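Let's take a friendly walk through this protein and its ligand. Keep the picture at hand as you read.

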Amino acid sequence: MKILMVCLGNICRSPMAQGILENKAAEKGIDITVDSAGTSDYHIDQEPDHRAIAKAKEYGIDISHYRGRQIDVADFKTFDRILVMDASNYENTLLVAESDDDKSKVEMILNLSNPNSNMSVPDPYFGGEEGFENVYRLLDSACDVLIEQIENGES
Ligand code: 4NP
């Protein structure tokens, strides 16, 4: 199972999602590959936003070694599931897809914890510290469901 987390910049939400899922999988001894990417090229090769690094660290997760990259058409072949943070990421990710099979891999991440809601993970970049706590909690709940699905062989 290979999972790609996608947001706009690949420095706030998707690296946090990657770290949370990797950490849960490691705790449970589940062997999965997790990566993250942005739909934009704004932060290629950059480390995550310092507020995202600090929030993950608060929960015992080190994401400081991640580096920003942009989603690529090859990602649709590499990954089994592509989890996006918001409606804009969803549209922009579908634009990179080449086939219906590619498109079928793309899901809104909060539909895991809130089925069929199409809720977005709010972009915390221009807000305050509390935005990162909110993002962390939303992603933590969604990743719990994903781990459950993987454990139950539903994924
Ligand atoms: P992310 O947050 O998509 O969660 O990584 C953002 C990071 C950077 C920008 C926007 C959102 N930006 O406009 O540079």
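## Helices that cross

In this predicted model, helix 2 and helix 6 cross each other in a right-handed way. Helix 2 covers residues 50-58, and its axis comes within 10 Å of the axis of helix 6, at a crossing angle of roughly 55°. Angles between 35 and 65 degrees count as oblique, so helix 2 and helix 6 are oblique to each other.

Helix 6, residues 129-151, also packs with helix 1, residues 13-28. Their axes are 9 Å apart and the angle is about 40°. Helix 1 and helix 6 are therefore oblique to each other as well, and their crossing is right-handed.

## Around the ligand

Which residues surround the ligand? One stretch of the chain supplies Cys 7, Leu 8, Gly 9, Asn 10, Ile 11, Cys 12 and Arg 13. Tyr 42, His 43, Asp 123, Tyr 125 and Phe 126 complete the list.

## Polar partners and cover

Now look at the oxygen atoms of the ligand. The backbone of Ile 11 places an N or O atom 3.0 Å from a ligand oxygen, and a polar backbone atom of Cys 12 is 2.9 Å from a ligand oxygen. With His 43 the side chain takes part: one of its N or O atoms lies 3.0 Å from an oxygen atom of the ligand.

How much of the ligand does the protein bury? On its own the ligand exposes 350 Å², and the protein buries 91% of that area.

Notes: Residues numbered from 1 in each chain as written. Predicted model: local features only at pLDDT ≥ 70, side-chain atom pairs only at ≥ 80, totals over all residues. Heavy atoms only, no water. Near = heavy atom within 4 Å. Polar contact = N/O pair within 3.5 Å; in protein donor to acceptor, adjacent residues only side chain to side chain. Areas by Shrake-Rupley, 256 points an atom, 1.4 Å probe, with all protein chains shown as cover. Axes fitted to C-alpha atoms, helices over the stretch in contact; angles between N-to-C directions. Helix = DSSP H or I, 4+ residues; strand = E, 2+ residues; numbered from the N terminus. Parallel < 35°, antiparallel > 145°, perpendicular 65-115°, else oblique. Left-handed = near helix turned anticlockwise from the far one by under 90°.
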